[in-house]
Amino acid sequence: MVANLDELPDPLWELYFQRYPVLRRATTKEFFIGRGCPYACTFCVNGTLRRLYGGGAVRLRSPARIVSELLRIKQSAGLAAVYFNDDTFTADRAWLQEFLGRYRLEVGLPFTCAGRASLLTGEVVEALARAGCRWVEMGVECGDERRRRELLGKDESDEALAAAARRIKAAGMFLKTSNMIGLPGETPADALTTLRFNQELGADAATCSLFQPFPGLPLTERALALGLYVPSPERPFGAFSFQTSLLELPEAQRFLNLRRLFSFGLGFPRLLPLLPLLLKLPVARFYEGVAILFFLWTYRRYHQADLALVLAKAWQARGLR
Ligand code: SF4
């Protein structure tokens, strides 16, 4: 493992631009500030990396290196907004303050990042907004606090998530949440609690995935112990965590339909009482179309993406989902 990421060269963006011209044209481009996350949620690869490598799993590039990469791409390919695709952008407060100060002065573009609720203090949220952050993505994962804490190992209360959501919105930024359904022991009715909680938080957009039992995850061990998962080469992992579930879930089709209708339900909260009925209907292809439309609509807003990139995403979504 390379401890000092500054020893690595910058990504050779030009190769990707040659192969995928749409990336060059994209007004918002994706960057990484580092690797890893200091937490150990039971469903996430970062916990496994922490068990393997300890604290060294979290490594951040220096603010100077990131700013120089951003400026290079801004000048050579054009850049109107930045998407930081790291799992936890706000993990190191001292690093963050230094980086945001430089970013605001030297790059000065709107950006999107992800933060954990417990790290989104008033001071951090204000600094993000001052530096030009437009969207903050926050992991909610599960609307049931007990399940979130005990099953997912995400030690964050409903109130902590709600307080962070209020701070984000009060600072004039948009809130996007990430959520996961199809958990061991969860029913579709339980999973609807997650959608309801997102509405209470006032989330502006949300992603909803189905839990994937990747090897080595504590949550996979739990699913195996409960007999909900039997690994088989005939049932490989999908290309996307949105696609399907490998668990033997009761009422699996309803989970799949809820995943498809999650953004729709968030956008039309008055329809929530109808959702238990809608989840039963055998119209998966129609719901998939709804999911793709909402995905693209969200993608366009969230990434402030131009039409070319949205259409490229539509083509990708058609193949993967
Ligand atoms: S906080 Fe997020 S990135 Fe970190 S371990 Fe948990 S789910 Fe993974």
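**Exercise 1.** Determine whether Phe99 is buried or exposed.

*Solution.* The relative accessible area of Phe99 is 0%. Buried means under 20% relative accessible area, exposed over 50%, and partly exposed in between (1.4 Å probe, protein chains only). Phe99 is therefore buried.

The model is predicted: local features need pLDDT of at least 70, side-chain atom pairs count only at pLDDT 80 or more, and totals for chains, interfaces and linings use all residues. Residues are numbered from 1 along each chain as its sequence is written, and side-chain values use heavy atoms, without hydrogens or water.

**Exercise 2.** State how many aromatic pairs there are, and classify the pair of Phe84 and Phe111.

*Solution.* Begin with the rule: rings of Phe, Tyr and Trp (its six-membered ring) pair if their centres lie within 6.5 Å, and planes under 30 degrees apart are stacked, over 60 edge-to-face, the rest tilted. The count by this rule is 17 aromatic pairs. For Phe84 and Phe111, the ring centres are 5.7 Å apart and the planes stand at 75°, so this pair is edge-to-face.

Next, locate the two residues, using helices (H or I, at least four residues) and strands (E, at least two), which are DSSP runs numbered from the N terminus. Phe84 belongs to strand E4 (residues 81-84) and Phe111 to strand E5 (residues 111-115), so the pair ties together parts that are 27 residues apart in sequence. Finally, consider burial: Phe84 is buried, at a relative accessible area of 1%, and Phe111 is also buried, at 1%.

**Exercise 3.** Classify the aromatic pair of Phe99 and Tyr103.

*Solution.* The centres are 5.7 Å apart and the angle between the planes is 40°, a tilted pair. Both residues lie in helix H5 (residues 93-106), four residues apart, about one turn of the helix. Tyr103, with a relative accessible area of 0%, is buried.

**Exercise 4.** Explain why the buried residues of H5 line one face of the helix.

*Solution.* First, list them: Trp95, Leu96, Phe99, Leu100 and Tyr103 are the buried residues of H5. Viewed down the axis of H5, they fall within an arc of 120°, so they line one face of the helix; the arc is that of the directions from the helix axis to the C-beta atoms. The face turned away from this buried side carries the exposed residues Ala94 and Leu105. Among the elements that cover the buried residues of H5 are strand E3 (59-60), helix H4 (63-77), E4, E5 and helix H6 (122-131), where contact means heavy atoms within 4.5 Å. Just after H5, Gly108 has a positive phi of about 65°.

**Exercise 5.** Carry out the analysis of buried and exposed residues for H6.

*Solution.* The buried residues of H6 include Val124, Val125, Ala127, Leu128 and Ala131. Around the axis they cover an arc of only 160°, which puts them on the same side of H6. Exposed residues Glu126 and Arg130 are carried by the face turned away from the buried side of H6. The cover over the buried residues of H6 includes H5, E5, strand E6 (133-141) and helix H8 (158-170). After H6 comes Gly132, with a positive phi near 110°.

**Exercise 6.** Describe the surroundings of Leu195.

*Solution.* Leu195 is situated in helix H9 (residues 188-201). Leu195 is buried, with a relative accessible area of 0%. Leaving out residues up to four places away in sequence, Leu195 touches Leu258, Phe262, Gly265, Leu266, Leu272 and Leu275.
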